[in-house]
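Trainee: Before we start, could we go through this model slowly, setting each term against its definition?
Mentor: Gladly; please ask about one term at a time.

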Amino acid sequence: MKIKTVAWLVFLLSWLLPLPLQLPLQAKPLEMELKAEGLYVSNPSTAVLQRMFDDYSYRDYIYMPDWKYPPLFLNALPSDFNRVADKNLRNRLFIQILAPLTMLVNERIILERYQLMMIQKRFLQNEKFLPEDQDELERLAQKYDVFTRMKGTDRYKIVLNELFERIDAVPPSLLIGAAAAESNWGTAREVGLGNALYKEKVWFTDDGIKPLNEPDDSYRIKVYPSLEAAIDAYALKFNSDVNFEHFRNLRRQRRNHKKALRGNAMVYNMVRGSPLENYAGLISYIITFYDLVNLDEAELGSVDMFWKKK
């Protein structure tokens, strides 16, 4: 629902009015929309964003109380993000922005996994797959690139088992570390033009961002409507692409042994994830240096916090 109440306007002004007068005007008006899962924000300046983070005691991305993070989701990086002179501050802001988004993406993946569990439970009770469950399995099989030539009940058993292998959480530390490595901490041209955090390629089309100084004209960089969409697409790649099969095997093993899914323990199973040199080693360094593994067992807080301004 759109927030248009007087109380919300006063709340917003409490962020904007104290800002120094010398700050440049917003290129686009600040927009906020409160949804069931959290607050979506568009077009904040970096200064306004920092004030919003501070307002909810989100002053750093580690050691949050009870490991709960504010469900505050940016649709794109601030337009002045590249002008933050302090590199360490900019990197930490990048992590703060992406952390809630990676948790949101994982919440949705886990919900799909729960739906699989319910389908499995109904099958064990009825000894057959209900028509609506068959439809859902077909939809998920297409989404996660699961294929079998089997027919009937055997087909759905195979699809169900393979989907359990594929539909599972991707550690936020890996999603953030990969985004940092691919996008140079959000400063890459492609991020500003199309939220392309991972510089995913699309082939033989003019749709997308044409790379600069690239003689190969056969591909473009895929454009996403939001940062969330880019992260969601990359998480899907972890869960469906053949290059991440070793990652999925390790994840299953860790689940079977009741071990937490931590990025620093799984990063070297994504060595084929990028053309960047020493990709896994680079992401491992980022995870370790910035303590990103702390995010892997964190979760989003309640949306109610947006009505409890400190």
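Trainee: Which residue follows H11, and is its phi positive or negative?
Mentor: In this predicted model, H11 is followed by Asp291, and the phi of Asp291 is positive, near 55 degrees.

Trainee: What makes residues of helix H11 count as buried?
Mentor: The cut-off is a relative accessible area under 20%, and in H11, which spans residues 279–289, Tyr279, Ala280, Gly281, Ile283, Ser284, Ile286 and Ile287 are buried. Among the elements that cover these buried residues are helix H6 (172–183), helix H8 (227–240) and helix H10 (263–266).

Trainee: Why is H2 called oblique to H3?
Mentor: The axes of H2 (residues 46–55) and H3 (residues 87–126) come within 12 Å and cross at roughly 60 degrees. Roughly parallel needs an angle under 35 degrees, and roughly perpendicular begins at 65, so H2 is oblique to H3.

Trainee: Which residues meet where H2 and H3 are in contact?
Mentor: Thr46, Leu49, Gln50 and Phe53 of H2 meet Leu89, Leu93, Gln96 and Ile97 of H3, and by class this contact has five nonpolar, three polar and no charged residues.

Trainee: How do you know that S1 and S2 pair, and which way do they run?
Mentor: Pairing requires at least two bridges; four bridges join S1 to S2 (residues 39–42), and these strands run antiparallel, so they count as paired.

Trainee: What makes S1 and S4 edge strands?
Mentor: The open sheet has the order S1-S2-S4, with mixed pairing. Strand S1 (31–34) and strand S4 (72–74) each have a single partner strand, so one side of each is left without a neighbour in the sheet.

Technical notes: Residues are numbered from 1 along each chain as its sequence is written. This is a predicted model: local features need pLDDT of at least 70, side-chain atom pairs count only at pLDDT 80 or more; totals for chains, interfaces and linings use all residues. Side-chain values use heavy atoms; hydrogens and water are left out. Axes are lines fitted to C-alpha atoms, for helices over the stretch in contact, and angles run from 0 to 180 degrees between N-to-C directions. Helices (H or I, at least four residues) and strands (E, at least two) are DSSP runs, numbered from the N terminus. Angles under 35 degrees count as roughly parallel, over 145 as roughly antiparallel, 65 to 115 as roughly perpendicular and the rest as oblique. Contact means heavy atoms within 4.5 Å. Ala, Val, Leu, Ile, Met, Phe, Trp, Tyr, Cys and Pro count as nonpolar, Asp, Glu, Lys and Arg as charged, and the others, Gly among them, as polar. Buried means under 20% relative accessible area, exposed over 50%, partly exposed in between (1.4 Å probe, protein chains only).
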